[in-house]
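Keep the structure open while reading.

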Amino acid sequence: MEQGEQGQQKQLQLTEELKQEMLKHTGFSQDHIKEHYDEVAEKYDAIYLNAGYHDHEQCGQLVNSFFQENKDIEILDLGCGTGLVGESLKLHGYNKVVGIDASKGMIDAAAKKQAYTELVELFLGKPDTFPEQFRDRFEAITASGILAEGHLGVEVFDEFLLALKQNGIAVFTTRSMYLEKYGYQKRMDELEAEGKWKKENQVSFLRYDNLGEEKVGRYQTVEVFAFAYRKL
Ligand SMILES: C[S@@+](CC[C@H](N)C(=O)[O-])C[C@H]1O[C@@H](n2cnc3c(N)ncnc32)[C@H](O)[C@@H]1O
């Protein structure tokens, strides 16, 4: 984690108002994903960073571990949200980042971070209609916090591979408990067995660790993995 970012997070407080906001955003599904995130967009950073969200920094670090010698690469940030990953990549010196998200509210928030060359409103999880302009184009893709309950299923792995050039790196995070629950690990292993990609790294960390033992709606301290796979 970036020292500066970590220092800042430790000083933040989860106010009662933010906790009430977190409780409102507990039950939702893909059917209402746009509405959910349009509504949460304004308070997203305050809620997530205060609770102890680190996925974006872990993704930034993992990407940097592969490309620090050549930062002039194009990166696609899938489910970019308010742009926390773009911001982390920018801190590492990456300036060619394209963001995609289903929620206009989240994209508008991401635009304010000035970390993306292009931001596109697009519903992911439909590899058959994945736009031509994003195919076979990127040296790296990131997908931070989108492999989750009510979010994206295993189809999005095909979009990772469509977007990447050969040898490109996919960096993504998910709760460890979701690997089996939502079939992510099975599909990741299948793609590896089919020779589509190869695991390069796996890092574990805690998400929402500022909550300690406390549970606020669906937010509680959980183990998360960040993965890096190379497209073959
Ligand atoms: C938990 S946020 C993560 C945002 C950001 N990557 C981060 O780490 O802070 C999940 C994001 O995924 C987006 N999302 C969920 N389902 C999507 C879909 N089918 N297509 C595109 N974006 C989607 C949401 O709009 C939201 O911005």
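Y37, D38, A41 and Y44 in α3 meet K104, G105, M106, D108 and A109 in α6. Residues meet, or are in contact, if their C-beta atoms, placed from the backbone, lie within 7 Å. The residues of this α3–α6 contact divide into five nonpolar, one polar and three charged. Ala, Val, Leu, Ile, Met, Phe, Trp, Tyr, Cys and Pro count as nonpolar, Asp, Glu, Lys and Arg as charged, and the others, Gly among them, as polar.

This is a predicted model: local features need pLDDT of at least 70, side-chain atom pairs count only at pLDDT 80 or more, and totals for chains, interfaces and linings use all residues. Residues are numbered from 1 along each chain as its sequence is written. Helices (H or I, at least four residues) and strands (E, at least two) are DSSP runs, numbered from the N terminus.

Axes are lines fitted to C-alpha atoms, for helices over the stretch in contact, and angles run from 0 to 180 degrees between N-to-C directions.

| Helix pair | Angle | Axes apart |
|---|---|---|
| α3 and α6 (residues 104-112) | about 25° | 7 Å |
| α4 (residues 55-67) and α5 (residues 84-91) | about 40° | 8 Å |
| α2 (residues 16-24) and α3 | about 105° | 10 Å |

Angles under 35 degrees count as roughly parallel, over 145 as roughly antiparallel, 65 to 115 as roughly perpendicular and the rest as oblique. With an angle of about 105°, α2 is therefore roughly perpendicular to α3. L18, E21 and M22 of α2 make that contact with K43, A46, I47 and N50 of α3. By class, its residues are four nonpolar, one polar and two charged.

For α4 and α5, H56, E57, C59, G60 and V63 meet L84, V85, S88, L89 and L91. Six residues of this contact are nonpolar, three polar and one charged.

Helix α7 (residues 155-163) has V156, F157, E159, F160, L161 and A163 buried. Buried means that 20 or more other C-beta atoms, placed from the backbone, lie within 10 Å of the residue's own. Their cover includes β1 (75-78), β4 (138-143) and α9 (184-193).

Conventions. Contact = placed C-beta atoms within 7 Å. Buried ≥ 20, exposed ≤ 12 C-beta atoms within 10 Å, placed from the backbone.
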